[in-house]
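Here's a quick briefing to read alongside the model. Keep the 3D view open and find each residue as it comes up.

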Amino acid sequence: PPNNQSTVAPQLQKQHFDDVLQGRRNDLDLKQYPTLQSLQDHAALSCGSLSQLVLESGNMAHDQYPLAHQAARLVGIGHGLTNALRTSIPVISTTGKLIVPHDLCEKYGIQSPRYLLSALGQGDSQAQQALCLAVEEIAESARDHLQQARALRNDILQEDKDQNNKAVCVLLPALASETFLQRLQQSGYNLTDRNLRNVGTLEHLACGLSMILSYYQK
C-alpha cells in the first residue's frame, strides 16, 4: 500500500457504541443531572467514547495505544462539559433541561435557576452571582480534564510515533473547547452574556489557525 498504510479494517469496540447510545438514552428525559459527577459521567459516555471510536477508526486500538485513549476520553469529557455550557441557553429554551446539576444549585443557593438561565431572565444580582459560581465550577472541571490530557502529551507522542500523529488530530478539538472556556471566563461565567453566542469571523479564523499551528507543533 502507498505510504506504508495498512489496509486492515479497523477494529471498533462495540462497548464504545453502546456507551454512546446509553449516554444519549440517559439524557432523553432528564431535566437536571443530580450531581456534577453524573454530568461528567454523561460526558464520558457520550463524548469520551466517541473520541475513542475515532482513534480506533484510525487503527489505534486501546491495547496498543492506551495513553492516547486515556487522553481521548479526558478530552471527550472536557468537550462534553464545555458543549453543555455553550448550548445551555438554547437547550433550556427548547427543552427545559437545566445544565447546572442539583448539587451545585444547593451548594451555591440557586433558588430560580431556570429563570436565570432563560434568554431574557435577569434575576437579582445575588442570585445571578450564585449561578455564575456554579457555572465556574463546571467550567473548571472541563478545564481540569483538558489539562490532564495535555499532561500526557510527551508520552502520547512517543506512543504515536508510527501513526503519523493520528492521536494529535483526534485531540485537537480540545483547543476549541479551551477557546470557549476562556471567553466564558472573560464574561465572568455569565451564560446569559450575548457575546458568548456572537462569535465573529476573526475569532473563528483565530481558532482555526491555532488548531493548524498546534497540529504542526504537536
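The chain has 11 helices and zero strands, where helices (H or I, at least four residues) and strands (E, at least two) are DSSP runs, numbered from the N terminus. Read from the N terminus, the elements go α-α-α-α-α-α-α-α-α-α-α. This is a predicted model, in which local features need pLDDT of at least 70 and side-chain atom pairs count only at pLDDT 80 or more, while totals for chains, interfaces and linings use all residues. Residues are numbered from 1 along each chain as its sequence is written, and side-chain values use heavy atoms, with hydrogens and water left out.

**Confidence**
- The mean pLDDT (the predictor's confidence in each residue, from 0 to 100) of the chain is 82, and 78% of its residues get to 70 or more.
- Over residues 1–5, pLDDT stays under 50, and the model has one contact beyond four places in sequence for them; contact means heavy atoms within 4.5 Å.

**Overall packing**
- Out of 218 residues in the chain, 43% count as buried (under 20% relative accessible area; exposed is over 50% and partly exposed in between, with a 1.4 Å probe and protein chains only).
- Take the contacts between residues at least 6 apart in sequence: 72% of them join residues at least 24 apart.
- The chain's accessible surface (Shrake-Rupley method, 1.4 Å probe) is about 12,000 Å², and 53% of that belongs to carbon and sulfur atoms.

**The nonpolar core**
- A nonpolar core is a set of buried Ala, Val, Leu, Ile, Met, Phe, Trp, Tyr and Cys residues joined through side-chain atoms within 4.5 Å.
- The largest one here has 47 residues, and L85, V100 and L184 have the most contacts inside it.
- Elements giving two or more residues to this core include helix 2 (36–57), helix 3 (66–86) and helix 10 (173–186).
- Leaving out residues up to four places away in sequence, L85 touches I99, V135, I138, A139, F180, L181, L184 and L191.

**A look at R143**
- You'll find R143 in helix 7 (residues 125–150).
- R143 counts as buried because its relative accessibility is 15%.
- Beyond four places in sequence, R143 touches L181, Q182, Q185 and Y189.
- R143 and I77 sit 66 residues apart along the chain, yet their C-alpha atoms are separated by 9.7 Å.

**Cysteines**
- Searching the whole structure turns up zero disulfides (pairs of cysteine sulfur atoms within 2.5 Å).
- C105 is buried at 8% relative accessibility, and C132 is buried too, at 9%.
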